[in-house]
Structures are given as C-alpha cells and as structure tokens.
Amino acid sequence: MNAVQEHHEDRQRFTQQVEAVLWASRALVGIAAASVAEAEDLVTVPHLRILVMVDTRGPLNLGAVAAALEVNPSNASRAVDRLIKAGLLDRRDAPQDRRNLTLTLTPAGQDLVNRVSNHRREAISAVLERMTPDDCDVLADALRRFAAAAGEPIDGDVLTLLWPPTH
C-alpha cells in the first residue's frame, strides 16, 4: 500500500470515528433533553446550567458564572436573581472577602439537580444494560479519555457532558 492510499484510509477511518461520536452524542442529547423535562416547570435550560455549575464546581461567584456562560455579568446577575427568588440558589458574602458574593445551592436547588441527574443516570443505565459488560468497559474507558481530551472534569456529573468546562 502506498502513502496516498494509507492517508486516504486513515482519513476514512477518522471520518467514521467522528460519525460514531456524533451518533452517540445525539443519543446523549436525547437523554439529556428528556431529563430537562424534570425541571421545565421550574427553570429554563440556562438556569439549570447555572445550578449544575454550582453543584459540580462548588460555590461560585457571579463573575465565574458569567465567564462560564460566556455572557455579560448583568445577564448572569439577572439569571442568578431569578434562581434566588425561586428558592433554588443562595447568595452570601464570601468568607474571605465580604465584597464578593458566593452562590450555593439551596436544599430545593440541590433536590432539583439531583432529580435531573438521577433521571439521566437511569436512562443511561437502561442503554448500558442492553450492551455486553465488555462493551460497557470499553465504552467507559473511551469516554473517560474523550472527556479528558475535551477538557472536562472526568470525576464530575454526567450533566456536564452538555456544557463546556470553564478554563
């Protein structure tokens, strides 16, 4: 086989790999969308994203929320205010700097994040149960490496699969 044929086969293989990841991502997005229905009556998807960020990354300040969402701080502030009014998020002075505010989940906010997360876990479990244990092991290993290559915290919740990490 010559170098041109080898390059063509490598590109073809890579294209097939990209397609396989796209198929899997569609399945995961479908699972995620169904789990968001658990929260639709309480929050929007961007609001849920804020709750998940606070849950998975610990207490955050408003600047961190705005940066992670890639929005203007005033937009993040309005969203945070809505979550506070809904009783899902709590705002307190940061212990190390009283001029800075720290956002944490309220018990109701934690319950909502847990419900959505549990729905996703159950849906993913149902899919994995239709696969062989060996295929599940291979998939889990590959997805850990994929998440790490994408910059995701691999010890986080599956909810973070849909949203980019903050850097």
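Predicted model: local features only at pLDDT ≥ 70, side-chain atom pairs only at ≥ 80, totals over all residues.

Start with helix α6, which spans residues 133-149 and holds both R145 and D141, four residues apart, or about one turn of the helix. Their side chains form a salt bridge, with N to O at 3.2 Å. How exposed are the two partners? R145 has 53% relative accessibility and counts as exposed, since the cut-off for that class is over 50%. D141, with a relative accessible area of 35%, is partly exposed.

Next, helix α5, residues 107-128. R115 and D111 both sit in this helix, again with a spacing of four residues, about one turn. The closest N and O atoms of this salt bridge are 3.7 Å apart. That falls inside the 4 Å limit, so the pair is counted. R115 is partly exposed at 32% relative accessible area, and D111 is also partly exposed, at 42%.

D81 and R91 meet through their side chains in a salt bridge, 2.2 Å from N to O. D81 is partly exposed, at 27% relative accessibility. R91 falls in the partly exposed class too, with 31%.

And the total? How many salt bridges does a search of the whole structure find? Four, and the pairs I have described are among them.

Conventions. Residues numbered from 1 in each chain as written. Heavy atoms only, no water. Buried < 20%, exposed > 50% of the residue type's maximum accessible area, 1.4 Å probe, protein only. Helix = DSSP H or I, 4+ residues; strand = E, 2+ residues; numbered from the N terminus.
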